[in-house]
Amino acid sequence: MKQYTITEKAKDISLLDEELCSDELVSIDRKELNETIRLHQGMIFKFKEIAGQFIHTLCDGELVYRFGLTPSHVVGKQLIGFLPEQITKRKHLLYERAWNGEDHVTYEAELNGIHYFAALRPVIRNGEVIEVIGSCMDITDRKKVEKALLESENKYRLIAENMTDLIILFDRQGKCIYASPSHETVLGYPPEYFLSQNTLHLIHPNDISLIINGFEEVNNTKIPLRVEFRLLHAEHGWKLFDCTATPVLDDDGEVEHIMVVAKDITEKRRAEELLWKSEKLSLVGELAAGVAHEIRNPLTSIKGFIQLFQQGVRNEEYFDVVLSEFNRIEDIIKEFLSLAKPQEIQLKSVSIPSLLKEIDTLMKPEAYLKNVEIIIDCDVSIPLVMCDANQIKQVLLNLCKNSIEATDGYKRGLLKISAHIEDKNQLCIQVIDNGIGISEERLKRLGEPFYSNKEKGTGLGLMLCFRIIKEHKGTITFDSKENLGTTVKIRLPV
């Protein structure tokens with residue numbers, strides 16, 4: 001029997017203590033590791049192939065309990081032991097891929113209403129897979145966001161693909177980076193035709209400068225712009241579009257893209273033109289009665305003087321009166337014909353005082369019949385204004401006619417037309433009456449087609465007034481109180 005010295009015994013005791021201490025540290029580390037895995041927000045698991053089956057040797061983490069499971073439901077069992085059969089078959093194939101050495105096998109799945117992402121990774125020693133480690137993380141919130149984005153994307157794609165409006169996106173250099181499918185149905189060109197180029201070659205030559213200047217304005221001001229211009233259809237000639245260009249800003253507040261939405265208004269504009277001509281003819285017809293009455297007065301005077309001449313009564317003053325009455329008739333007929341004759345839109349330098357005088361000439365017969373006094377108050381220093389005289393005359397005649405019809409039959413009517421310069425660069429024309437006025441509710445809807453303040457009115461007259469003033473880049477506003485009268489203000493750039 002071997003004899004130990006005290007020194008040797010002391011060494012053995014020291015080695016034993018070190019082994020015991022090491023085992024204790026390992027035990028503590030294992031316990032802390034298990035605690036860490038248990039507190040993990042996701043799920044950690046392991047499995048091995050035993051007797052041809054994949055058996056789980058570890059499973060823990062907060063996600064396990066949220067699945068409605070516990071580690072005891074999983075550890076020591078194969079997939080079929082805790083999952084439905086239809087899920088098991090798919091996962092078994094993924095487990096096989098990882099066990100065969102495929103690195104980083106990933107998949108997404110759903111269990112008990114929770115969507116999760118899983119990753120499998122084989123542990124290889126001496127060239128053999130000894131186990132597979134898996135981890136899962138909850139992606140339910142992400143899936144909800146993805147679903148919402150997909151639904152939103154599908155919704156807007158459905159709108160973009162089926163709407164008749166054109167949607168086109170340009171970069172800052174004016175090159176197209178997106179064109180909606182509606183371009184093919186509306187213009188006859190496939191969306192791909194527009195990519196990586198501008199559309200200037202399809203714009204009417206007279207409108208090109210308008211578009212270029214508008215593009216620069218949106219780039220510089222970063223404010224949306226609305227314009228009308230003509231585009232060339234692949235087969236059917238020029239089409240008129242109402243277009244809105246909106247800047248899309250980047251994170252620094254600079255224009256990154258410009259989105260353009262355009263609507264084909266060709267047929268709408270044709271219909272408006274027909275309505276305008278119809279309304280003009282209607283107005284001419286109604287004015288005809290008053291003009292006929294006004295012409296009858298000077299004709300009666302002329303007839304009387306001719307009878308005196310036949311009787312041998314001669315006086316030089318009589319000739320002056322007759323000539324004056326003839327001039328009066330000539331003025332009325334001239335203004336009546338200028339209104340009745342259809343004309344193209346033409347911008348020319350117009351004298352506003354002269355224009356108001358013509359309005360006075362045309363409206364006096366009807367005003368006389370309705371016992372309405374017309375007052376013209378015009379600043380003679382008003383400069384010439386670029387406008388279409390016939391169209392502005394059409395607007396003022398419509399407004400004056402409405403004012404006369406709104407006169408209270410129990411008191412003398414008053415119609416005042418004034419003109420002056422505002423802010424040095426804006427002409428203001430006012431049509432003021434002391435008629436029955438317009439209610440606040442009706443006031444909000446003025447200018448809508450087929451909505452009128454008159455019992456048998458169509459509302460087309462005011463709609464055309466709004467359109468004409470808009471085409472002149474002006475504004476028209478109404479201020480009215482019931483039983484007190486109405487003031488209409490037209491503002492035009494000088």
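This is a short chat about a predicted model.

User: What pLDDT does the chain average?
Analyst: The average is 81, and 82% of the residues score at least 70.

User: Where does pLDDT stay under 50?
Analyst: Over residues 455–459. The model has 10 contacts beyond four places in sequence for that stretch. Where pLDDT is low, the predicted coordinates should not be read in detail.

User: New topic. What is the strand order in the open sheet of 5 strands?
Analyst: The order is E12-E14-E15-E17-E16, and the pairing is mixed. At the edges are strand E12 (372–378) and strand E16 (475–481), each pairing on one side only.

User: How do E15 and E17 pair, parallel or antiparallel?
Analyst: Antiparallel, over 8 bridges. Leu427, for example, has Leu492 in E17 as its bridge partner.

User: Which strands does helix H11 touch?
Analyst: Helix H11 (residues 389–405) packs on the sheet and touches E12, E14, E15, E16 and E17. Its direction makes about 25° with that of E15.

User: And which strands does helix H10 lie across?
Analyst: Helix H10 (residues 352–369) lies across E12, E14 and E15. It runs at about 175° to E12.

User: Which residues touch the most other members of the largest nonpolar core?
Analyst: Ile352, Leu396, Leu399, Ala419, Ile429 and Ile490, out of 38 residues. Among the contacts of Leu396 are Leu355, Ile429 and Ile490. Another core, of 28 residues, lies apart and includes Met43 and Val105.

User: Last one: is Thr88 buried or exposed?
Analyst: Thr88 counts as buried because its relative accessible area is 10%, under the 20% cut-off. Thr88 is in helix H4 (residues 85–99). Beyond four places in sequence, Thr88 touches Leu79, Ile80 and Leu83.

Conventions:
Residues numbered from 1 in each chain as written. Predicted model: local features only at pLDDT ≥ 70, side-chain atom pairs only at ≥ 80, totals over all residues. Heavy atoms only, no water. Helix = DSSP H or I, 4+ residues; strand = E, 2+ residues; numbered from the N terminus. Buried < 20%, exposed > 50% of the residue type's maximum accessible area, 1.4 Å probe, protein only. Contact = heavy atoms within 4.5 Å. pLDDT = per-residue confidence, 0-100. Core = buried A, V, L, I, M, F, W, Y, C linked by side-chain atoms within 4.5 Å. Pairing = 2+ DSSP bridges. Axes fitted to C-alpha atoms, helices over the stretch in contact; angles between N-to-C directions.
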